[in-house]
Amino acid sequence: MTLSDTRLAEIAAEVGRVPGVIGVVLGGSRARGTHTPESDTDLGIYYRAPLDVDRLGAVARSLSGASARVTEPGGWGPWVDGGGWLEVDGGALDFIYRDLDRVRGVCADVGQGRYAFHQQGGHPLGFADHAYAGELALGRILSDPTGELARLRSSLQPYPPALSQALVAGLWEADFLVAVARKGLPRTDTAFVAGCLFRLVGVCAHALHGAAGRWLINEKGAVAATNALPGAPERFAERVDQAFAAVEGDPLRLRLAIDIAADLVLDTTDACTMMVR
């Protein structure tokens, strides 16, 4: 079920009255208009410590019933942070914490071309810290009484050129991973090769988004999103599927998987060169 704009505004206003909350942003597929009826509604809760978790929990229970719970900041890990999974008006509503001072730091970093992937449960590639900037750039601000979120988002327009350059430069790792994956061939180490190829594809996807000046904020759907980019390598998604389909115990098939990935890295490098001209 889709919450109406009026209902979202009501919820954002209520959350915004919690001490520590600076603003509320509609995120995810619903903010981008790519959602389906089954999609969750993601509300980014931008806070500055201390966040009154008890008060926020009371808001959650008023919306979702007595069993609703929210975490302390950091309860879901250092980068996902925390929040709560609620059911409101028959649909899934997720509270997702974002420490505003940390988000400001990331936004400053991307402006200087600095980014990193951080170990985080549920994120096999690693949590891309520049996703914080992308979430704000792509989100729909619902509550921002001080205007701080709007000013921060304006600093991300247009897409930071330094981040674009850094993500493309990061393709060195994809090329390196091809060589590393080949070290798994003598032992027919399918798990090792698969891990190398997964990271290789992620690096390529972020580089192509950077070259195109588009934000990539989630590993899920990254290949499809990359395939849809203007100027992306031809049949990007199909070739990724072909590479992973060849990851099996047959040494010749495993070599084929790496060869497909190697060609994809070369074409990604060429595509990025053309896209950033």
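Helices (H or I, at least four residues) and strands (E, at least two) are DSSP runs, numbered from the N terminus. With those names in hand, welcome to the figures. Please keep in mind throughout that this is a predicted model.

**Figure 1. The five-stranded sheet.** Here is an open sheet whose five strands are ordered β3-β4-β2-β1-β7, with mixed pairing. The edges belong to β3 (83-88) and β7 (140-143), each of which has a single partner strand, so one side of each is left without a neighbour in the sheet. From one strand to the next, the twist averages 30°. As a reminder for anyone new to sheets, strands pair through backbone hydrogen bonds, either parallel or antiparallel.

**Figure 2. Where β3 meets β4.** Strand β3 and strand β4 (residues 91-99) run antiparallel and are joined by six bridges. To find your place in this pair, look for Val88, which stands opposite Gly91 in β4. Asp89 lies in the loop between the two strands, β3 and β4. Asp89 counts as partly exposed, at 39% relative accessibility.

Figure 3. Helix α4 (residues 100-111) lies across β1 (21-27), β2 and β4. Relative to β4, helix α4 runs at about 70°.

**Figure 4. Two cis peptide bonds.** The peptide bond from Ala49 to Pro50 is cis, and its omega is near 5°. Where is Pro50 found? Its place is the loop between β2 and α3. The other bond, also cis, joins Gln157 and Pro158, with omega about -5°. Pro158 sits in the loop between α6 (148-154) and α7 (161-169).

**Figure 5. A loop residue with positive phi, Arg235.** Look for Arg235 in the loop between α10 (222-227) and α11 (236-245). Its phi is near 55°, which is a positive value in a residue other than glycine. How accessible is Arg235? With a relative accessibility of 39%, Arg235 counts as partly exposed.

Figure 6. Side chains of opposite charge can pair when their charged atoms come close. Here the side chains of Arg182 and Asp259 meet in a salt bridge, at 3.0 Å from N to O. Arg182 lies in helix α8 (residues 171-182) and Asp259 in helix α12 (residues 251-275), so the pair ties together parts that are 77 residues apart in sequence. Arg182 counts as partly exposed, at 30% relative accessibility. Asp259 counts as partly exposed too, at 31%.

Figure 7. How many salt bridges does the structure hold? The count is 13, and this figure visits some of them. In one, Arg114 pairs with Asp109, and the closest N and O atoms are 2.9 Å apart. Arg114 is partly exposed, having a relative accessible area of 45%, and Asp109 counts as partly exposed at 26% relative accessibility. In another, the side chains of Arg253 and Glu248 meet at 3.6 Å, N to O. Arg253 has 30% relative accessibility and counts as partly exposed; Glu248, at 33%, also counts as partly exposed.

Figure 8. Take Cys272 as an example: its nearest cysteine sulfur, that of Cys204, is 7.8 Å away, and Cys272 is in no disulfide. Is Cys272 buried or exposed? At 1% relative accessibility, Cys272 counts as buried. Cys107 also counts as buried, with a relative accessibility of 7%.

Notes
Residues are numbered from 1 along each chain as its sequence is written. This is a predicted model: local features need pLDDT of at least 70, side-chain atom pairs count only at pLDDT 80 or more; totals for chains, interfaces and linings use all residues. Side-chain values use heavy atoms; hydrogens and water are left out. Two strands pair if DSSP finds at least two bridges between them. Axes are lines fitted to C-alpha atoms, for helices over the stretch in contact, and angles run from 0 to 180 degrees between N-to-C directions. Contact means heavy atoms within 4.5 Å. A salt bridge is a side-chain nitrogen of Lys or Arg within 4 Å of a carboxyl oxygen of Asp or Glu. Buried means under 20% relative accessible area, exposed over 50%, partly exposed in between (1.4 Å probe, protein chains only). A disulfide is a pair of cysteine sulfur atoms within 2.5 Å.
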